[in-house]
Amino acid sequence: MKIVLDRPRCEGHGLCEEAAPQLMHLDDDGELVLDREEVEGADAALANAAARVCPVAALRVG
Amino acid sequence: MSGRTMDRVVVVGNGIAGLTAADTLREAGFDGELTVVGDEPHPAYSRPALSKALLLDGDDMTSHELPPTGHGAKELLGVRATGLDLDRRLVALDDGTTLPYDRLVLATGSRARRLSDLPEEITLRGLDDALALRSRLASRPSVVVVGGGPLGMEIASGCLAAGCRVTLVSQGPPLILQLGAHLADVFVKAALDRGLTIVETEAARFERRGGEARVVLDDGTVLEAELLLSSVGDVPNTEWLADTGLVARGAVPVDSRGLVRPEVAAVGDLAAFPTPQGLRRIPLWSSAIEQAKAAARALVHGDDAPPLRFQPYFWTEQFGLNLKAVGHLPLEGEPTYVDGEPGGGPALMRWPHADGTGAAVALDYRVPIPRLRRMTRAVA
């Protein structure tokens with residue numbers, strides 16, 4: 001599974017980071033950085049949880 | 001697991017609160033039969049997007065779409081709960097069936113408060129409302145929006161951006177009750193610059209006269225427009241719980257873990273939970289998520305689950321401005337400018353509280369939200 005970020009949509013709310021801090025974080029400029037893009041198993045579930053709390057639908061896992 | 005067997009969990013409500021509760025139940029180890037009941041025919045979607053990107057984005061109709069669910073629940077969509085029997089542990093549905101449960105999550109949210117029963121009074125709460133409003137805006141009707149809160153202002157902003165002439169009716173200056181005077185002033189200036197007409201009044205009502213609907217203010221002023229909208233707050237959907245004794249002052253009071261009793265949780269817009277300001281509803285996206293996580297864990301782990309502790313996170317986009325705020329609103333008095341300066345330009349601000357903590361606000365300012373959250377803590 002791969003995490004895909006739709007960067008123009010991302011508004012930096014950071015709810016994804018709160019759901020999956022192991023996989024992504026906002027940098028000093030508030031831009032989202034995917035620390036891992038390929039995820040399997042428990043990490044894929046975590047990535048999905050992060051994608052589902054994004055209020056602007058900027059993350060896809062597939 | 002606490003106490004009795006936990007084979008069947010029913011989540012009533014399929015907004016972000018119900019969805020997060022279902023996800024978190026699975027994360028917490030519940031592997032039994034999970035059923036989610038949603039009264040809308042749509043899968044769960046992002047409600048904040050409805051009055052923001054979905055109204056504005058040209059051809060992009062996907063800004064509200066959430067990824068497919070992974071909780072493996074049986075989803076009953078387009079079905080409404082009509083009653084609850086706490087003793088027999090049964091949820092009654094409007095298709096005539098009942099659902100037995102061992103644990104139950106109440107997450108039926110709230111609906112738009114209305115000022116009349118006139119069909120001409122349009123509200124924006126659900127996806128169907130947003131899609132209908134979008135299509136109405138295509139012909140650039142003249143618009144009156146009654147309600148000067150964040151949603152009313154977002155709607156007014158979207159209508160202006162669509163090319164409509166827009167009048168906003170507000171009890172006192174817009175946003176002042178929700179954001180405080182300092183920030184309200186910034187947004188009102190931006191709104192006026194973009195051509196919004198703001199009318200302040202003590203009260204407004206909708207009426208029909210000569211076949212035409214219109215808005216009448218307390219001083220008798222009549223406002224007519226092709227499109228009449230109201231955004232005057234929300235009403236929790238608690239009618240189906242009327243016989244349960246769980247409803248107080250129109251909401252469902254819960255404990256610090258989101259429970260109303262050991263086997264029943266209430267999360268999202270219908271729940272009033274303990275805050276530093278007492279029992280309160282905080283009908284925000286991030287609030288629904290945090291409430292749902294805490295309550296789902298409590299249903300599975302009982303008192304071993306940590307209580308709800310969070311700082312509300314609020315954002316709005318309107319009239320070209322973007323605001324992110326962590327902490328309890330409204331914000332009284334003047335802020336400290338951590339970066340930027342007064343005047344409405346990009347700025348990072350902090351409102352100190354007496355106990356040393358504070359509320360942190362980013363206006364047109366990209367900042368990692370964890371930093372915003374850190375800014376709310378007490379300074380040494």
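The domain assignment of chain B, in a model that is predicted, gives domain 1 (8-111 + 234-304), domain 2 (114-230) and domain 3 (313-375); such bounds come from an automatic or database domain assignment. Residues are numbered from 1 along each chain as its sequence is written, while chains are lettered from A and ligands numbered from 1 in the order in which they are written. Because the model is predicted, local features need pLDDT of at least 70 and side-chain atom pairs count only at pLDDT 80 or more, whereas totals for chains, interfaces and linings use all residues.

Between domain 1 of chain B and domain 2 of chain B, the C-alpha centres are 29 Å apart. Their contact draws on eleven residues from domain 1 of chain B and twelve residues from domain 2 of chain B, two residues being in contact if their C-beta atoms, placed from the backbone, lie within 7 Å. On the side of domain 1 of chain B that touches domain 2 of chain B, helix α2 (residues 53-56) of chain B gives the most, with three residues. Helices (H or I, at least four residues) and strands (E, at least two) are DSSP runs, numbered from the N terminus. By class, that side of domain 1 of chain B has five nonpolar, three polar and three charged residues. Here Ala, Val, Leu, Ile, Met, Phe, Trp, Tyr, Cys and Pro count as nonpolar, Asp, Glu, Lys and Arg as charged, and the others, Gly among them, as polar.

Chain B also holds an open sheet of five strands, in the order β9-β16-β10-β11-β12, with parallel pairing; two strands pair if DSSP finds at least two bridges between them. At its edges stand β9 (121-122) and β12 (197-200) of chain B, each with a single partner strand, so one side of each is left without a neighbour in the sheet. Strand β10 (residues 143-146) of chain B is joined by four bridges to strand β16 (residues 227-230) of chain B, and the two run parallel. Within this pair, Val143(B) is placed opposite Leu227(B) in β16(B). Helix α4 (residues 150-161) of chain B packs on the sheet, where it touches β10, β11 (166-170) and β16 of chain B, and its direction makes about 170° with that of β11(B). Axes are lines fitted to C-alpha atoms, for helices over the stretch in contact, and angles run from 0 to 180 degrees between N-to-C directions.

The C-alpha trace of chain A spans about 30 × 20 × 15 Å along its principal axes. Residues 24 or more positions apart make up 57% of the contacts in chain A with a separation of 6 or more.

The two chains meet where 22 residues of chain B are in contact with 21 residues of chain A. On the side of chain B that touches chain A, α1 (16-27), α7 (285-301) and α8 (369-375) of chain B each supply at least two residues, and α7(B) gives the most, with three. By class, this side of chain B has 13 nonpolar, six polar and three charged residues.

Tyr365(B) lies in the loop between β27 (358-363) and α8 of chain B. Leaving aside residues up to four places away in sequence, Tyr365(B) touches Gly340(B), Pro346(B), Ala347(B) and Leu348(B).
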